[in-house]
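The following note sets out numbered points on the structure shown below. It is intended to be read with the sequence and the model at hand.

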Amino acid sequence: MFLEVQDLVKSYQTGENAFFAVNQATLKMEAGEIVVILGPSGSGKSTLLNLIGGLEKATSGSIKIEGNEICNLSSKQLGIYRRNFVGFVFQFYNLIPNLTVRENIEICAHLGKNPLAIDTLIDKVGLHAESHKFPSQLSGGQQQRVAVARALVKNPKLLLCDEPTGALDYKTSKEVLELFEEINKTYNTTMLMITHNDAIKDMSHRIIRIKDGRITHNTLNTHRKHAK
Ligand code: ADP
Ligand code: ADP
């Protein structure tokens, strides 16, 4: 199993009481799976994603990636895990404004052990003609493509996305989704995504619902549709 989360808890002390942002979450993902996390605002989606990505530390429970426990890693070891293993894509692209498209991607290439060829990746995300432009010269969809390429250039085994199409219109969302599917097929990248975008739900292999920090549903997507 690629990822195994067992009885994961993240709690915050609020005065006298503990508040459980993630409460006894258990889930498994196979390599190459695309899984979508759904749930109301404040239900713990981002916290769960951040725990799996090593951006936050769990209160208790276990997260195993390819059999290796990450919950007891030091901050330094977690940093290495994130760099080598995980790509992140957020709603807002967070590109570096004074670097070109190519440079934005290039600075992340050395982070992984087996980086992808930068120009091949730029072609794959359809930005060949834009590679020497700056982020401010690009549309939202193009900027998100750069953000996806930047997350992928180190060839992470795990791609974590928090509302990756949240700032995009329908058409550009669709382009970014097609890109995710293609990347998933080409590199067998395992993907865990938070989204309200129906098209992402449609292309996922499995859908997880979370409510008040608890996973309430974990179902195979039997109506899987491809982005194209
Ligand atoms: P259920 O009660 O069946 O677990 P939810 O209440 O989580 O379902 O979600 C109902 C529908 O609303 C689903 O299609 C889900 O994708 C969508 N949804 C869930 N959370 C949000 C949200 N914060 N904003 C917009 N849509 C959402
Ligand atoms: P979602 O992504 O589903 O909107 P989050 O994972 O961001 O939910 O947050 C889950 C809950 O945990 C929310 O009620 C939020 O207010 C709470 N929370 C998140 N971070 C902290 C923190 N640092 N201290 C206290 N509560 C927090």
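1. A residue is termed buried when its relative accessible area is under 20%, exposed when over 50%, and partly exposed in between (1.4 Å probe, protein chains only). Helices (H or I, at least four residues) and strands (E, at least two) are DSSP runs, numbered from the N terminus. This is a predicted model, in which local features need pLDDT of at least 70 and side-chain atom pairs count only at pLDDT 80 or more, while totals for chains, interfaces and linings use all residues. Residues are numbered from 1 along each chain as its sequence is written, chains are lettered from A and ligands numbered from 1 in the order in which they are written, and side-chain values use heavy atoms, with hydrogens and water left out.

2. Helix H6 covers residues 170–187. Its 18 residues reach 26 Å from the first C-alpha to the last, close to the 26 Å expected at 1.5 Å a residue; the expected span is 1.5 Å times one less than the number of residues. The buried residues of H6 are Thr-172, Ser-173, Val-176, Leu-177, Leu-179, Phe-180, Glu-181, Ile-183 and Asn-184.

3. Which elements cover the buried residues of H6? The cover includes the strands E3 (34–38), E7 (158–162) and E8 (190–194), together with the helices H4 (118–124), H5 (140–152) and H7 (198–203). Contact here means heavy atoms within 4.5 Å.

4. At its start, a side-chain oxygen of Asp-169 comes to within 3.3 Å of the backbone nitrogen of Lys-171. This is a polar contact, defined as a pair of N or O atoms within 3.5 Å; within protein, one must be able to donate a hydrogen and the other to accept it, and residues adjacent in sequence count only if both atoms are side-chain atoms. Just after H6, Asn-188 adopts a positive phi of about 55°.

5. Ser-173 lies in H6 and is buried, because its relative accessible area is 5%. Its side chain reaches the backbone oxygen of Asp-169 at 2.8 Å. Apart from neighbours within four places in sequence, Ser-173 is in contact with Thr-165, Leu-168 and Asn-197.

6. Lys-124 belongs to helix H4 and counts as partly exposed because its relative accessible area is 21%. Leu-179 is 55 residues away from Lys-124 in sequence, yet the two are 7.9 Å apart in space, C-alpha to C-alpha. Not counting residues up to four places away in sequence, Lys-124 touches Leu-179, Glu-182, Ile-183, Thr-186 and Tyr-187.

7. Gln-142, in helix H5, is also partly exposed, because its relative accessible area is 23%. With residues up to four places away in sequence set aside, Gln-142 touches Leu-127 and Glu-130. Gln-142 and Val-101 are separated by 41 residues in sequence and by 9.7 Å in space, C-alpha to C-alpha.

8. Which residues surround ligand 1? They are Leu-38, Gly-39, Pro-40, Ser-41, His-196, Lys-201, Arg-209 and His-217, a residue being near a molecule if one of its heavy atoms lies within 4 Å of it. A nitrogen atom of ligand 1 is 3.1 Å from a backbone N or O atom of Gly-39, and a nitrogen atom of the ligand is 3.1 Å from a side-chain N or O atom of His-196. An oxygen atom of ligand 1 lies 2.7 Å from a polar side-chain atom of Lys-201. The protein buries 50% of the 550 Å² that ligand 1 exposes when taken alone, an area from the Shrake-Rupley method with a 1.4 Å probe.

9. The shell around ligand 2 consists of Tyr-12, Phe-19, Ala-21, Pro-40, Ser-41, Gly-42, Ser-43, Gly-44, Lys-45, Ser-46 and Thr-47. A polar side-chain atom of Tyr-12 is 3.2 Å from a nitrogen atom of ligand 2. An oxygen atom of the ligand lies 2.7 Å from a polar backbone atom of Gly-42, and an oxygen atom of ligand 2 lies 2.5 Å from a side-chain N or O atom of Thr-47. Of the 570 Å² of accessible area that ligand 2 has on its own, the protein covers 59%.

10. Strand E2 (17–29) and helix H1 (45–52) are the elements that give two or more residues to the shell around ligand 2. The largest share, three residues, comes from H1. H1 is mostly covered, with seven of its eight residues buried, and Gly-54, which follows H1, has a positive phi near 70°.
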